[in-house]
Amino acid sequence: MSDFIHLHNHTHFSLLDGACRVEDLVTAAKDNNMPAVALTDHGVMFGAFEFYNKALKHGVKPILGCEVYIVSQGSRRDKQQVQDPSNKRKVYHHLILLAKNEIGYRNLTKLVTKGYTEGFYYRPRIDTEILREHSEGLVATSACAGGVVSPYLIAGDYDKAKEVASLYKDIFGNDFYIEIQNHHLDVEEKVRALAPKLAKELGLRLVATNDCHYLKQEHAVPHNVLLHIRDTGKDDNPDITKLRYGTAEYYFRTEKEMKQLFKDFPEALESTIEIAEKCNLVMPKDIKMPTFPIPESAGVDTLDEYLDKLTYEGIEQRNLSLSSSDVKERTEFELNVIKKMGYSGYFLIVQDFIAEARKRGVRVGPGRGSAAGSLVAYALGITNVDPLKYNLLFERFLNPERVSMPDIDIDFSD
């Protein structure tokens, strides 16, 4: 087994930044005899489930993480730019978070969500306030040259670097690591020169990473093309061979290459194994639907009762008669299957956001796919196709033998 594990990796889910597919990342780890590998896309966890399942399929331990954006100063709610140590206008630094267990995974998803719902300003940002609230079960590393500690070391402000590192040690304890990298960049050399001293003074450990954005070194130029997509219109003839990252070293290096690069930092290589051993997330296999809040005016106590109420009201609004045996039997049959399979909340949630869309004047499609075969969906306003009139089968959409969740395809206008 390899004595080094990649803990800082980006896939195509790091939109317009990562040029590596999830399965390719996993197979690269397997091919290099690495027992584990981490996924740390920028600000998102879009690839978490695909990565987790494919890693297990290939016999590689999945380490779920994220490279979050954390505000340099102030609160995540502040919507203004601040000055960073390198004299560039920035509103965030980077921080790597890795889930040790299910608690850590839940905390990580909460942090990522709050980054969008509360802290979005150019990027989905968090701050140390909510980081303290949701730090349990997480390993943190100080990330790249744009991370929480490195910019101060690069700027020569050692005291500030120590102050910031102390803050994160206070939050994470021994689960906070000082990250060092070597992509043959001058700024990283400054970090490597001072990081050992900083770690020793604070009782922290170094960890070596290679900020992987693509798999092979020869992918540097195609990756650079990807980076230029977001600048479309600024320059009609960009020099795509002039690498924006300044180096072609952001690839999935082998254990041998990493040991050669960090031969003076054996502890930093050992830390990758230490961190991987800390991370043992087992994702729950049961599906948990969000709880739909029942209005007090509904006069019912359970989701099943509320689904019944809205469905029968909808049947009347659709001018269908329950005195018709076809309508009555079909309605009762579908409701029984839906409730038996535990999907009452799912139907209530879908009808709620579709009703809200129509209320706001957003056009919604009449129904597509197997969901058009559901009379309950028609009664709830989810679809606008009468399945009885067109002899559509409910069983194509949902039946007790189906092991996967029902799939309601919905079209909204732009």
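## Basis of the model

Residues are numbered from 1 along each chain as its sequence is written, and side-chain values use heavy atoms, with hydrogens and water left out. Because the model is predicted, local features need pLDDT of at least 70 and side-chain atom pairs count only at pLDDT 80 or more, whereas totals for chains, interfaces and linings use all residues.

## Helix α7

Helix α7, residues 186–202, has 17 residues and reaches 25 Å from its first C-alpha to its last, close to the 24 Å expected at 1.5 Å a residue (the expected span is 1.5 Å times one less than the number of residues). Helices here are DSSP runs of H or I with at least four residues, and strands are runs of E with at least two, numbered from the N terminus. A kink of about 35 degrees lies at Leu194, shortly before Pro196, the bend being the angle between axes fitted to the seven residues ending there and the seven starting there.

The buried residues of α7 include Glu188, Val191, Arg192 and Ala195, where buried means under 20% relative accessible area, exposed over 50%, and partly exposed in between (1.4 Å probe, protein chains only). Their cover includes α5, α6, β8 and β9, with contact meaning heavy atoms within 4.5 Å. Gly203, which follows α7, has a positive phi near 70 degrees.

## Salt bridges

A salt bridge is a side-chain nitrogen of Lys or Arg within 4 Å of a carboxyl oxygen of Asp or Glu, and by this rule the count comes to 24. Arg205 and Glu274 meet in one of them, at 3.4 Å from N to O; Arg205 lies in strand β9 and Glu274 in helix α10, so the pair ties together parts that are 69 residues apart in sequence.

Arg253 and Glu249 also pair, at 2.5 Å from N to O; Arg253 counts as buried because its relative accessibility is 2%, and Glu249 counts as buried at 12%. Arg76, Arg77, Lys114, Glu118, Asp127 and Glu129 are linked in a network of salt bridges.

## A buried proline

Pro387 lies in the segment after α14 and counts as buried, at 0% relative accessibility. Its C-alpha atom is separated by 6.5 Å from that of Ala372, 15 residues apart along the chain. Leaving aside neighbours within four places in sequence, the contacts of Pro387 include Arg330, Ala372, Tyr378 and Leu392.
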